[in-house]
Amino acid sequence: MNILIVEDEKKLADAVQYILRKDQHDVDMAYDGITGQEMAETGVYDVIILDKMLPLRDGFAVLKNLRKSGVNSATIILTAAGTISDKVLGLDIGADDYMIKPFANEELLARVRALGRRKSNLICTNDEVAIKDVLFKLNNYEIITANKTIKLTSKEAKVLEFLLINRGIVLTKDQIIQRVWGFNSEIDRNNIEVYMSYLRKKIKEVGHAVTILTVRGIGYSLKEV
């Protein structure tokens with residue numbers, strides 16, 4: 001999963017980043033509320049780990065702004081001292097979970113995995129997405145119908161997964177790059193056009209369950225046919 005940590009205690013942020021990467025997650029970090037909100041607003045993160053007390057903008061204000069702008073990334077609030085009223089307020093403004101520092105690494109990993117499973121809005125079992133008569137096996141990098149199996153590269157599978165999760169929504173090239181290659185990637189934006197061309201050809205080989213639309217000047221959207 002793609003995870004954003006917004007935490008001003010750099011030692012803690014580095015430690016959390018380490019255990020999440022060891023658990024095979026892609027992780028970005030921000031050390032203040034304004035930067036964290038700007039990164040989260042790209043919409044590329046599955047889970048956000050958000051400290052309550054942050055410089056420049058506190059975690060509750062960040063979360064409230066994200067929910068108002070339509071960002072629905074699953075969010076865990078971190079706090080050094082969590083009162084019942086704080087927990088209620090955090091959950092009411094859109095937090096999905098609440099953890100009090102210090103916490104056990106195993107518990108954080110378990111909660112992150114649980115939120116990742118809960119977030120998916122796909123008709124999906126074990127990373128398999130079924131649309132009409134086409135099965136997208138994302139972990140195996142395959143598109144399957146009754147008569148044919150098409151192999152994908154790992155990057156093609158990640159691009160397709162992001163489009164499937166957000167089908168019907170227009171995604172910009174920057175959002176796709178940040179989701180698939182990472183926030184600080186230097187990949188040329190024109191490469192996204194190449195990947196879309198490859199995916200269109202492979203999807204066409206197995207039928208017409210979905211199509212990838214180009215929205216001129218904005219980005220791409222996957223639509224069921």
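This briefing covers the salt bridges of the structure above. The model is predicted: local features need pLDDT of at least 70, side-chain atom pairs count only at pLDDT 80 or more, and totals for chains, interfaces and linings use all residues. Residues are numbered from 1 along each chain as its sequence is written, and side-chain values use heavy atoms, with hydrogens and water left out. A search of the whole structure finds 15 salt bridges (a side-chain nitrogen of Lys or Arg within 4 Å of a carboxyl oxygen of Asp or Glu).

**Arg179 and Asp46**
- Arg179 bridges to Asp46, with the closest N and O atoms 3.0 Å apart.
- Arg179 lies in helix H7 (residues 173-180) and Asp46 in the loop between helix H2 (33-40) and strand E3 (47-51), so the pair ties together parts 133 residues apart in sequence.
- Helices (H or I, at least four residues) and strands (E, at least two) are DSSP runs, numbered from the N terminus.
- Arg179 counts as buried at 11% relative accessibility, and Asp46 counts as buried at 6%.
- Buried means under 20% relative accessible area, exposed over 50%, and partly exposed in between (1.4 Å probe, protein chains only).

**Arg67 and Asp96**
- The closest N and O atoms of the Arg67–Asp96 salt bridge are 3.3 Å apart.
- Arg67 sits in helix H3 (residues 59-68) and Asp96 in the loop between helix H4 (84-92) and strand E5 (97-100), so the bridge joins parts 29 residues apart in sequence.
- Arg67 is partly exposed at 23% relative accessibility; Asp96 is partly exposed at 29%.

**Network**
- Glu7, Glu9, Asp51 and Lys101 are linked in a network of salt bridges.
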